[in-house]
Amino acid sequence: MEIPAIQTEREDITSEKMAQINPLPVPLGPWKITVYDQENFQGKRMEFTSSCANIMECGFDNIRSLKVECGAWIGYEHTSFCGQQFVLERGEYPRWDAWSGSNAYHIERLMSFRPICSANHEESKLVIFEKENFIGRQRELCDDYPSLQAMGWGNNEVGSMKVQCGAWVCYQYPGYRGYQYILESDHHGGEYKHWREWGSHAQTFQIQSIRRIQQ
């Protein structure tokens, strides 16, 4: 009488392990990322070709290194695509500071991520506005700008933005430093009328450098 119960328990364990090995059984697409639970590409590893809302559901307590093999991605500080954002373009990221770049904020957590479907470096267009709700002075951008003020933008704030093509990453400070805000043409209809729509971590209109995201 006890044998079926033992077999059922073993089947449950096997299913759980299989879910950890292949948590997203979807066809391969134009995106691929490999994440590791230790720095320098050590420890447990797992490949993804689509979004992951909570890496803990895959048996990880955190992502400490990663390799982007295809496409561009957004990494998030918290689960469910919340918290600080980090643009992840093709390449290797052996430690947290590789994806946070010259971010002035020490954030070692990366708990969720998703592909940036609209990234198109060659055909990107963004319109920035002086005030929220697309009011005031405006400027069309089609290139990378390490300093908006050097470009002729009058202050260190942007009130609202319309992404007409591609995907962009905006930075709090000149030289691509500080908080990152990823803006996509296929999110919000490409319209970001207030800083509250830039991300759950956004707290200010301050943006001083902007660049196109590499696919």
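**Entry 1: β4 and its partners**

I looked up strand β4 and strand β5 (residues 82-88) and found that they pair in the antiparallel sense over five bridges. I took strands as DSSP runs of E of at least two residues, and helices as runs of H or I of at least four residues, both numbered from the N terminus. Two strands pair if DSSP finds at least two bridges between them. I note that this is a predicted model, in which local features need pLDDT of at least 70, side-chain atom pairs count only at pLDDT 80 or more, and totals for chains, interfaces and linings use all residues. Residues are numbered from 1 along each chain as its sequence is written, and side-chain values use heavy atoms, with hydrogens and water left out.

Within this pair, Tyr76 stands opposite Gln85 in β5. I then read the connection: β4 and β5 form a hairpin with three residues between them. Ser80, in the turn, has a positive phi of about 60°.

I next looked up strand β7 (residues 112-115), which runs antiparallel to β4 and is joined to it by four bridges. Trp73 stands opposite Pro115 in β7, and Gly75 has Phe113 as its bridge partner there.

Together these strands form an open sheet of three, in the order β5-β4-β7, with antiparallel pairing. β5 and β7 are at the edges with a single partner strand each, so one side of each has no neighbour in the sheet. On average, neighbouring strands of this sheet are turned by 25° against each other, direction ignored; the axes are lines fitted to C-alpha atoms, and angles run from 0 to 180 degrees between N-to-C directions.

I also checked how enclosed β4 (residues 73-78) is. Because five of its six residues are buried, β4 is largely enclosed by the rest of the structure. Buried means under 20% relative accessible area, exposed means over 50%, and partly exposed lies in between, with a 1.4 Å probe and protein chains only.

**Entry 2: Ser112**

I turned to Ser112, which lies in strand β7. Ser112 counts as buried because its relative accessibility is 0%. I looked for polar contacts (pairs of N or O atoms within 3.5 Å; within protein, one must be able to donate a hydrogen and the other to accept it, and residues adjacent in sequence count only if both atoms are side-chain atoms). A polar atom of the Ser112 side chain lies 2.6 Å from the backbone oxygen of His78. The Ser112 side chain also reaches the backbone nitrogen of Phe81, at 3.1 Å.

I then listed contacts, meaning heavy atoms within 4.5 Å. Leaving aside neighbours within four places in sequence, Ser112 is in contact with several residues, among them Cys52, Asn54, Ile74, Tyr76, Ser80 and Cys82.

**Entry 3: Arg211**

I found Arg211 in strand β14 (residues 209-212). Arg211 counts as buried because its relative accessibility is 15%. Its side chain makes a polar contact of 3.0 Å with the side chain of Glu89, and another of 3.3 Å with the side chain of Tyr171. Not counting residues up to four places away in sequence, Arg211 touches Val87, Glu89, Asp144, Trp168, Val169, Tyr171 and Tyr176. I also noted that the C-alpha atoms of Arg211 and Ser124 are separated by 9.7 Å, although these residues are 87 residues apart along the chain.

**Entry 4: a sheet of four strands**

I looked up another sheet, an open one of four strands in the order β2-β1-β3-β6, with antiparallel pairing. Its edge strands are β2 (42-48) and β6 (91-93), each of which pairs on one side only. Neighbouring strands of this sheet are turned by 15° against each other on average, direction ignored. Strand β1 (residues 32-38) runs antiparallel to strand β3 (residues 65-70), and five bridges join them. In β3, Cys70 is the bridge partner of Lys32.

**Entry 5: the whole chain and its record**

Of its 215 residues, 45% count as buried. Of the contacts with a separation of 6 or more, 68% come from residues 24 or more positions apart. In the model, the span of residues 31-70 is 0% helix and 50% strand, and its end C-alpha atoms lie 5 Å apart.
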